Amino acid sequence: MQPHRKKRNNLQRSSFKKLCELVMDYAYSYEDLAELIEDKGYEECHQGKDGQVIEGLSKLSRFFEEMENKNDENIRDLSDVYLLAGEFLQSVEKYKQSIIWFEKAIIADNFYDAPYHSLAFSHMQLDQIDKAAKCLEEEINIAPGNYYSYLLLVDVYEKLQRFDDIEDVLKNLLSRDASNIQGLHKLICFYEKRKPELDVEFLRRRLLGADKALVKLELIIWTYHMCKEGKYDEAIRFLNEREIESVKISITHLLKAYIFGILRQYSMKKRELRDFRRLNHGREEFMRTKLMEFSKVFGKKAGTSLERKLLLSKLSPND
C-alpha cells in the first residue's frame, strides 16, 4: 500500500475528537481534514454523541478565535467550524441551538453566503418566517447566483402573503437565468392566480423551449405545461425517449399514465401505472414520494386520482 493511502486510511479510522486535535496541533490544516471532520461528526451525532461533537467544535473554534494575525483563510475556517456546528445541530433537530452557531458564523465572515441559507432553514423549522425571509434576502444579496434560494424565498413570501415581492424575486431570477424552468413555472402560476388578465403564453413558450437537460422536477413541470397546451402526443413521445435514455426512471410512467387518462386510453394508463409500480418495487413510500412531487405541480386532485388508482388497485409489481 502506498504511504499516502495508508496515511489516509489511518485518518479515516480516527475519531472526531482526534481529527479536531490534529488541526489544533498544526499537524494538518482545517481544509485538509474538513471533509473527514464533517463525515465523522455526522456519524457520531446520529449515534447520540452530538454533545461531544459540539464540545469538540467549541474547542476547535476557540483555537481559531485565539489565533493571532488571522488571515482570510483562517477567518473562513472559523466561520466554517461555526457553520458545521449549526448543521450538526440541525441534523438532530436542535434548531434553536443551531441558530446561535449560524449567527456566530455570520459575525465571523458576513460575506459568506452559506450561513445565511442554513440560518433561514432553522428559522423556517421554528416557524419564524419573517426572519427566514431576511436571511434569504441577505444570502441573495451576497451571492446572487444561488438560484435555488430565489425559489425558496418565493415560497417564504407566499406564506407571508408578500405577493408583490414574489413577482419581483421571480423577475430578478429570470433576468439572470432566462430559461430557469422552475422560475418560469412559478411566475406563470403566480400570474394565473393573482393577475389572470395577463397573457402567460409567451412565458409558457419560453418554458417549453428551454434548451436544458430536464431533471425530475423540471420534467414534471415541462409535462404539465405541454398538457396545458394540449400537446399530448408530443409529450408522450418525449417521455418515451427519456425512458430509452434512462431505463430505470419511473416518473415518466406516472406522467404518461396521467396523459393517457386525459385521452381516455385506460388500458394504456393501467399499463403505465403497472410499470411505475414495478420500477418502485411496489414500495409505497417510494411511490408516495413521487406522487407528492407530481401533486405539487399538477395539483392535489390530479395526484389523489392517480394515487387512488395506483395504491388501492390490485395491480401487483409483477403483473
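Modeller: A lining residue has an atom within 4 Å of a grid point of the pocket. The model discussed here is predicted.

Colleague: Which residues line the second largest pocket?

Modeller: The lining is made up of Phe16, Lys17, Cys20, Glu21, Met24, Glu44, Lys49, Gln52, Val53, Glu55, Gly56 and Lys59. About 220 Å³ of space lies in this second largest pocket.

Colleague: Which helices each supply at least two residues of that lining?

Modeller: They are α2 (16–24) and α3 (30–65). Helix α3 gives the most, with seven residues.

Colleague: What volume does the largest pocket have?

Modeller: The volume of the largest pocket is about 720 Å³. Its lining has 22 residues, of which Asp155, His185, Lys186, Lys296 and Val297 are the closest to the centre.

Colleague: Which elements give two or more residues to the lining of the largest pocket?

Modeller: Those elements are α8 (147–160), α9 (163–176), α10 (181–194), α12 (216–228) and α16 (284–298). With seven residues, α10 gives the most to this lining. By class, the lining of the largest pocket holds twelve nonpolar, two polar and eight charged residues.

Colleague: Why are α15 and α17 called roughly perpendicular?

Modeller: Helix α15 (residues 266–279) packs against helix α17 (residues 300–311) at an angle of about 75 degrees, with the axes 10 Å apart. Angles of 65 to 115 degrees count as roughly perpendicular, and the two helices therefore receive that description.

Colleague: Which residues make the contact between α15 and α17?

Modeller: Helix α15 contributes Lys269, Leu273, Phe276 and Arg277, while α17 contributes Leu306, Lys309, Leu310 and Leu311. Five of the contact residues are nonpolar, none is polar and three are charged.

Colleague: What makes the pair Arg76 and Asp109 a salt bridge?

Modeller: The distance from N to O between these side chains is 2.8 Å. The cut-off from a nitrogen of Lys or Arg to a carboxyl oxygen of Asp or Glu is 4 Å, so the pair qualifies. The count by this rule comes to 20 salt bridges.

Colleague: Where in the chain do Arg76 and Asp109 lie?

Modeller: Arg76 belongs to helix α4 (residues 72–91), and Asp109 to the loop between α5 (95–108) and α6 (113–125). The two residues are 33 residues apart, and their pair links distant parts of the chain.

How values were computed: Residues numbered from 1 in each chain as written. Predicted model: local features only at pLDDT ≥ 70, side-chain atom pairs only at ≥ 80, totals over all residues. Heavy atoms only, no water. 1 Å grid on protein atoms, 1.4 Å probe; cavity = no way out; pocket = protein on both sides within 12 Å on 5 of 7 lines; lining within 4 Å. Points joined across faces, edges and corners; volume = space filled by probe spheres on them. Helix = DSSP H or I, 4+ residues; strand = E, 2+ residues; numbered from the N terminus. Nonpolar A, V, L, I, M, F, W, Y, C, P; charged D, E, K, R; others polar. Axes fitted to C-alpha atoms, helices over the stretch in contact; angles between N-to-C directions. Parallel < 35°, antiparallel > 145°, perpendicular 65-115°, else oblique. Contact = heavy atoms within 4.5 Å.
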